[in-house]
Amino acid sequence: MKLLIINGSPKLGKNNTSILLDKFISGFNEKSDKTFQIYRMNTNETYQNAAKIFFEADNVLIAFPLYSYSMPAGVKLFIEALEPYIKKCHGKKVGFLIQYGFEEATHARPLEKYLASICKILECEYMGTIIRGGCDGLCRGQQIGRARKILQGIYEIGRDFGTSGKFDQDQLDHYSAPEIQKKMNPLLAKIIFWAINKFYWERAFKKNGVNLKESFAKPYGQ
Amino acid sequence: MKILIINGNPKRNYPEFDLYLEQLKKIGNEKDIAVELLLLRDFNLHDCIGCYSCWLKTPGICFYHDDQELILREFLASNVVILASPIIMGFVSALLKCFNDRLLPLGHPFLYLKEDKMAHIPRYTHYPKTVLLLDDPKQEESNARTLIEEVYQRSSRELRKIFTTKNKIQEIIDEITHY
């Protein structure tokens, strides 16, 4: 199998999407009969180019972060560049990888439906969407303990995809859990979120020379 | 009462959509409602690159000092914002999505639990009510409106309704001025 991997992270340098993709690829490559090409798109020119190489590929994985509950604007520009290929993508297999900061899978479900609908418009085969929350800070080297689990999971998905040529929905669901947070005591929830804000975000403010009060600035009024 | 229309139509060869919005502004103004119409494709807007500067380095202010600053000020000063876009490949335009992505400075990174899932706390006290205004989907995009609604119900703090250019302009004005 030859796999085209498109990385749609709009970030300029290091990005969480590529960290996940690297692990996916190391799993995918475990057996030697696979080849892959990776294409990074984050400019107008690369969005247009990506559409062309997408059309020529047989197997494609499109990976990007969740922005505002859907794809980043640039990835949408890429999708718009696919307009000439509507109903012309028979035989092509397409899967997706979405990663983001919030923990729960539910945030990406509407987008997942949209991505399936795009495959329908193009008339290609929709393979599925790998959804993984809790990925914020991976590329800043934060949350090391949890990162190991996130990376091991994507490695296994890559490995199994390399063997079978398809995604196993049960495996994807297991990887993206929890769907929503378990019901918890409101007091306990308050303590947990206080701790996340204190030790994750406030630490990040401090690193940038911003104090807690300044972090709440309202530069545009009110 | 101040209404802001954000026109995310990227296509110069689709003037019907722009004309509908110009009519909306005109009819609103005739009724003494302040209606502002911004044509996004005439603005200089950089895509959000997820750098978090607006959260961690210069709270509330984007790394890119482009026209979005002006738009954010207008946005916060409005009672109702109409996000307008033709449906392209089953979703709102990349142009309107660019504007949406660049709303990040209006939030604060702190998290809280909202209906069993994480959410960010607001930075400002008040946000405008939001409606979407779409055109008619093509046949192959028939479920686009439902999908767009599902996404925007989560991403917009105050989404009230989705209109289409099939709605009578008067109906839209009557409804949104009562929010």
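How many residues of chain A are in contact with chain B, and how many residues of chain B are in contact with chain A?

## Contacts between the chains

In this predicted model, 50 residues of chain A are in contact with 42 residues of chain B. On the side of chain A that touches chain B, the elements giving two or more residues are helix 3 (73–80), helix 4 (109–122), helix 7 (186–207) and helix 8 (212–215) of chain A. Sorted by class, this side of chain A has 29 nonpolar, 12 polar and 9 charged residues.

## Domains of chain A

The domain assignment divides chain A into domain 1 (2–176) and domain 2 (186–215). Between the C-alpha centres of domain 1 of chain A and domain 2 of chain A there is a distance of 31 Å.

## Strand 1 of chain B and its partners

Strand 1 of chain B covers residues 2–7 and is mostly covered, with 5 of its 6 residues buried. Strand 1 of chain B runs parallel to strand 2 (residues 34–39) of chain B, and 6 bridges join the two. Within this pairing, L4(B) stands opposite E36(B) of strand 2. From strand 1 to strand 2 of chain B, the chain crosses through helix 1 (residues 15–30) of chain B, and this β-α-β crossover is right-handed.

Strand 1 of chain B is also joined to strand 3 (residues 80–85) of chain B, by 5 bridges, and these strands likewise run parallel. Here I3(B) has V80(B) in strand 3 as its bridge partner.

Definitions and conventions:
Residues numbered from 1 in each chain as written. Chains lettered and ligands numbered in written order. Predicted model: local features only at pLDDT ≥ 70, side-chain atom pairs only at ≥ 80, totals over all residues. Domains from an automatic or database assignment. Contact = placed C-beta atoms within 7 Å. Helix = DSSP H or I, 4+ residues; strand = E, 2+ residues; numbered from the N terminus. Nonpolar A, V, L, I, M, F, W, Y, C, P; charged D, E, K, R; others polar. Buried ≥ 20, exposed ≤ 12 C-beta atoms within 10 Å, placed from the backbone. Pairing = 2+ DSSP bridges. Right-handed = clockwise from strand over helix to strand, strands pointing away.
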